[in-house]
Amino acid sequence: MSAAALPSARVRSRGRLSALWGPGLIVMLADTDAGCLITAAQSGAQWGYAMVLPQIALIPILFMVQEITVRLGVVTGKGHGTLIREHFGTGWAWFSGATLFISAIGALLTEFVGVAGVGELFGIPRTVTIPVATAALVGVCFTRGYARVERIGIVVGLGELAFIPAMLLAHPRWSDLSHGLRQFPVHHASYLFLLAANIGAVVMPWMIFYQQSAIVDKGPRRDQLADERRDTAVGSVLTQVIMIVVVVAFAATVFTTRRGAPLNSVADLAHGLAPATGTGVADVLVGVAVLGGALVAALVVSLAGSWGLAEVLRWRHSLNESLNRGNWKFYAVYILAHVVGAVLVLASVAPSVLRWTSR
């Protein structure tokens, strides 16, 4: 190959990756949402490094479930709701679509509470942060094109990586981490409770619905299945690495100084890290990470619920189509989900939602 041909080959390669990768990465970033980050912090604060090994063990489980979703989407070219309707009948399709949409509303409550918590770290009331977040989340789906929505979601979700410098500033003792990897105290009820919380939320219905519908919207060919599987594998590792980083950060701080201290809010996370990083740095790092996780999760769960319901009801629902008379119902449901979630949080209906929806 000539030197002149090399740049164009690189461009084609980058374009190919951009065209195929994304659904697995964004859905995995959404998996590490505000509630999950708080549960990871609680795991590190209460059990130190002993909760790292389960996070590693969950990687292949997470990949296995979502990889099946990838194959279903690529091979059939149909969303999960459509396949349920075609193979199990309208009744089960209605049941799955309705429960999915309800669970999406519940997840949105968690994410909006997380957004509100980040705002309150900096003295911004939820009456400002929640409407702004709602407007942004609604607006992003009118940017004309699934690929653009996906890129925005991934960039926002990568804010979760702000926990990496927080972990490094906490100066964890790697010898303690090595020791913790050999511990598995299942005879303690509190350890089992947190272990079950982490396992129970690794794979959620909206993840399956979202990734399959996103793959259909993106439209890869069967011979591109390997790229989609790699995308899912990278996402599976990344989301669990983020969880491990959070566990280690709080094992190196709260566990060593105030073991078992309550961590039930965004402010609690920042206060827990403050002695190691400084108050201002802790606020910024925790704020960026939680906000990124909350916003990408809000985007994904609302799209999953809207896509799933539209598939069950046979509505047109592609993000690659501008709003028109044929797909307005899909966009209306997407907007409604955000408005309902925002109103409930603003009305303080769910002030403690992070406690019961966290991993």
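Start at Gly-44, in helix H3 (residues 34–47). Helices here are DSSP runs of H or I with at least four residues, numbered from the N terminus. This is a predicted model: local features need pLDDT of at least 70, side-chain atom pairs count only at pLDDT 80 or more, and totals for chains, interfaces and linings use all residues. Residues are numbered from 1 along each chain as its sequence is written, and side-chain values use heavy atoms, with hydrogens and water left out.

Gly-44 counts as buried because its relative accessibility is 0%. Buried means under 20% relative accessible area, with a 1.4 Å probe and protein chains only.

Leaving aside neighbours within four places in sequence, Gly-44 is in contact with Val-247, Phe-250, Ala-251 and Phe-255. Contact means heavy atoms within 4.5 Å.

Next, pick Phe-163, Trp-206, Tyr-210, Phe-250 and Leu-303. They have the most contacts inside the largest nonpolar core, which has 104 residues. Such a core is a set of buried Ala, Val, Leu, Ile, Met, Phe, Trp, Tyr and Cys residues joined through side-chain atoms within 4.5 Å. Helix H16 (residues 279–313) gives the most to this core: 18 residues.

Zoom in on Tyr-210. Beyond its neighbours within four places in sequence, its contacts include Pro-23, Tyr-146, Leu-303 and Trp-307.

Last stop: helices H7 (residues 126–140) and H17 (residues 328–346). They pack at an angle of about 170 degrees, so they are roughly antiparallel (over 145 degrees). Among the residues that meet are Ile-130 and Leu-137 in H7, and Tyr-334 and His-338 in H17.

Conventions: Buried < 20%, exposed > 50% of the residue type's maximum accessible area, 1.4 Å probe, protein only. Helix = DSSP H or I, 4+ residues; strand = E, 2+ residues; numbered from the N terminus. Axes fitted to C-alpha atoms, helices over the stretch in contact; angles between N-to-C directions. Parallel < 35°, antiparallel > 145°, perpendicular 65-115°, else oblique.
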